[in-house]
Amino acid sequence: MTKVGITTTVPVEALLAAGHEPVDLNNLFISDPDPERLVRTAERDGFPTNCCTWIKGMYGVVMEGGIDKVVCVTTGDCSNTVMLMEVLKLKGRDVVPFAFPDHRDAGAMQHALESFAAALGTTMRAAEEMREELGRARSLAGQLDRLTWMDGVVSGWENHFWLVSTSDFRGDYRAYEHDVAELIEAARRREPCRRDTLRIAFVGVPAVFAREFYHFVEEQGARVVFNEVQRQFSMPGGTGCLADQYTAYTYPYSVFDRLDDIVPQLALRGIDGMVHYVQAFCHRGIGDIIFRQRINLPILTLEGGDDTLLSQHVKTRVEAFLDMIRRRGMRRGRARVAPLRMPSEQ
């Protein structure tokens, strides 16, 4: 199988049907032992310092990882990807563009999928068959998510890692199935988290300092029980066909489409407070205005830059935010809002 880099979640079913191994460049970047090195590679080749860290990191992965073919999402993700695509062409890479429709329309999505499958040398029939093949892996991701917020036995980091990995299933969806099934079995034998653990939502793109962030939050007596974008990568909606699946996928569309998913999940999961993560120099940061108007919860907005480690400044802000939520709950005579089903106390 030929490795094909992807710049975000794409219709991975078509890639697999065409005999390719999808690799999410973001995941390769952030899991690298020295991600800052990949950023420096991009800056040495001319990327400006005020360009998105994810864009620079993905470029570094392609240049150093021997990836010759890349699928770039030109509509529905980051506008910088368009120029990343042009630079990769300059560097001799084979680039396949994919554009999500500018609004949620199953007919437009069907047309985009057909064009994408043809560009990869496969058919929609083969891609739909692969959708069926991936059904168990996606179902297991959903089970893991429920064990996070309903049973309190899966950590926020585990939830983040395994849901974000559904963008490419870590290059092997069968191995992904095996690993997640084992984790689910082990998690069901764990003691649930304490009843007074604060329940936090993480909204926005995955953070560059994700690993340290989730562990730090839990050290402070809280847990992330809703990862918005990571959960969307697992395709929780649209089970009829690929066009339905990728139309139900909210991330490429407007903030209001995302709110249609976020707001019910905040209530369902009994969320006490929300972290809105934005990447420096990203247009999505402006959406913070809308979230603060539409969501009646304490919100902490965090901005990430080139630093993949959790700075003391961010730690202090997170500590103060969690303390504020606790004091707010005490004033209202409760420790937190109860979820749909609460795990038993330790």
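A: Happy to! Two packed helices are described by the angle between their axes and the distance between the axes. Here each axis is a line fitted to C-alpha atoms over the stretch in contact, and angles run from 0 to 180 degrees between N-to-C directions. Please keep in mind that this is a predicted model.

Now to the pair itself. Helix α3, residues 35-44, packs against helix α4, residues 53-65, at an angle of about 90 degrees, and their axes are 7 Å apart. That makes α3 roughly perpendicular to α4. On the α3 side, the contact is made by R37, L38, V39, T41, A42 and E43. They meet T53, K56, G57, Y59, G60, V61, M63 and E64 of α4.

Four strands form an open sheet with parallel pairing, in the order β2-β1-β3-β4. Its edge strands are β2 (20-24) and β4 (94-99), each of which pairs on one side only. On average, neighbouring strands of the sheet are turned by 30 degrees against each other, direction ignored. Strand β3 (residues 69-75) runs parallel to β4 and is joined to β4 by six bridges; K69 stands opposite D94 in β4.

Other helices meet this sheet too. Helix α5 (residues 80-90) packs on the sheet and touches β3 and β4, with its direction at about 150 degrees to that of β3. Helix α6 (residues 106-120) lies across β2, β3 and β4, and runs at about 170 degrees to β4.

Notes: Residues are numbered from 1 along each chain as its sequence is written. This is a predicted model: local features need pLDDT of at least 70, side-chain atom pairs count only at pLDDT 80 or more; totals for chains, interfaces and linings use all residues. Side-chain values use heavy atoms; hydrogens and water are left out. Helices (H or I, at least four residues) and strands (E, at least two) are DSSP runs, numbered from the N terminus. Angles under 35 degrees count as roughly parallel, over 145 as roughly antiparallel, 65 to 115 as roughly perpendicular and the rest as oblique. Contact means heavy atoms within 4.5 Å. Two strands pair if DSSP finds at least two bridges between them.
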